[in-house]
Amino acid sequence: KQWYQRRVAITAGISVSLTKKAPELIQSYHAGPVRGIAPCSYTHMAASMGADGTVRVFDYLRKHTLVRKKYKSGGSCILWPGRNVDSKCVTLIGGFSDGVIRVMTLDYAEQESEYELKISLQHALKPHKGEVTAMIIDDEGKTLVTGSKDDCTLFFFDITSNYLPIGFMKLEAPVTTMAWSNSSKRVLVGLSSGVVLEVECPDSGEVDSSVTYEIQPGSKINRYEFKSIGYKIKKAAHEMVKIKKEKSTDCRLCVDTTA
């Protein structure tokens with residue numbers, strides 16, 4: 001053992017002692033990129049989703065991780081709904097790389113006469129075939145909208161009915177981001193193609209799901225396509241510089257002729 005200690009000290013430049021304390025874990029983090037962070041609306045806590053499939057809740061004032069839970073598939077986005085969804089603000093909604101949506105709650109578990117925070121799974125839904133790229137909840141806390149990367153779909157859920165599916169729409173390109181329009185009935189959907197869609201959210205019971213959950217867009221979608229005009233601005237600026245140079249050259253020639 002002594003030889004081993006001297007050998008380590010020589011080759012690695014460290015000392016090993018049997019009398020020193022064992023290493024102590026100070027803090028743990030995601031093993032890879034952080035794919036999303038959602039703050040709590042009423043206290044100094046936030047939830048993070050990692051590509052390693054872990055959901056973590058931490059107190060950012062105390063700089064301390066309160067609880068973590070790991071799932072098999074990688075995480076892609078996360079929401080911490082407000083009191084319009086849950087009066088206690090203990091609900092977390094996570095999107096994953098395999099198209100699964102998990103609804104989780106925070107509660108306390110008794111551990112050796114003490115109470116520790118834990119994450120419990122309430123609902124597991126699989127509306128998409130590919131990675132969940134965006135999730136959003138309306139101002140009234142009644143509708144959850146999710147978007148996907150691979151299957152180009154937009155899915156609607158009724159939160160008040162335990163996240164029962166309302167229906168889905170097929171879009172022309174993968175969803176990258178979402179935001180509510182001025183009205184909580186219409187959601188703005190950004191696509192990877194550069195197109196923005198304004199989609200009217202269906203009400204629960206409005207869609208006839210006896211045959212299929214697919215919603216035919218029809219008049220429910222307004223399409224906005226943005227085109228870059230940067231090259232036109234640069235070309236106009238170049239032409240202005242060219243004209244100014246020509247004018248200054250003409251002025252110098254006039255002065256020389258007069259002299």
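This is a predicted model: local features need pLDDT of at least 70, side-chain atom pairs count only at pLDDT 80 or more; totals for chains, interfaces and linings use all residues.

**Exercise 1. Strand pairing around β3**

Solution: 
1. Begin with β2 (45-50) and β3 (54-59).
2. Examine the connection. β2 and β3 make a hairpin with three residues between them, and G53 in the turn has a positive phi of about 90°.
3. The hairpin of β3 and β4 has four residues between the strands, and K63 adopts a positive phi near 55°.

**Exercise 2. The surroundings of D52**

Task: Locate D52 and identify which side chain makes a polar contact with that of D52.

Solution: 
1. D52 is found in the loop between β2 and β3.
2. D52 is buried and has no salt bridge. The nearest side chain of opposite charge belongs to R56, 4.9 Å away, and a salt bridge requires a distance within 4 Å.
3. The polar contact is with H30: the two side chains are joined at 3.4 Å.
4. Leaving aside residues up to four places away in sequence, D52 touches H30, A31, K70 and Y71.

**Exercise 3. Salt bridges**

Task: State how many salt bridges the model has, and find which residues form salt bridges with R186.

Solution: 
1. The count comes to eight salt bridges.
2. R186 forms a salt bridge with E198, with the closest N and O atoms 3.5 Å apart. R186 lies in β14 (residues 186-191) and E198 in β15 (residues 195-200), so this pair ties together parts twelve residues apart in sequence.
3. E200 also forms a salt bridge with R186, at 3.4 Å between the closest N and O atoms. Since E200 lies in β15 and R186 in β14, the pair ties together parts that are 14 residues apart in sequence.
4. Compare accessibility. R186 counts as buried at 17% and E198 is buried at 11%, whereas E200 counts as partly exposed at 27%.
5. Elsewhere, K142 forms a salt bridge with E140 at 3.6 Å. K142 is partly exposed at 43% relative accessibility, and E140 is partly exposed at 48%.
6. Finally, a network of salt bridges links E172, R223 and E225.

Conventions. Residues are numbered from 1 along each chain as its sequence is written. Side-chain values use heavy atoms; hydrogens and water are left out. Helices (H or I, at least four residues) and strands (E, at least two) are DSSP runs, numbered from the N terminus. Buried means under 20% relative accessible area, exposed over 50%, partly exposed in between (1.4 Å probe, protein chains only). Lys and Arg count as positive and Asp and Glu as negative; His and the chain ends are not counted. A polar contact is a pair of N or O atoms within 3.5 Å; within protein, one must be able to donate a hydrogen and the other to accept it, and residues adjacent in sequence count only if both atoms are side-chain atoms. Contact means heavy atoms within 4.5 Å. Two strands pair if DSSP finds at least two bridges between them.
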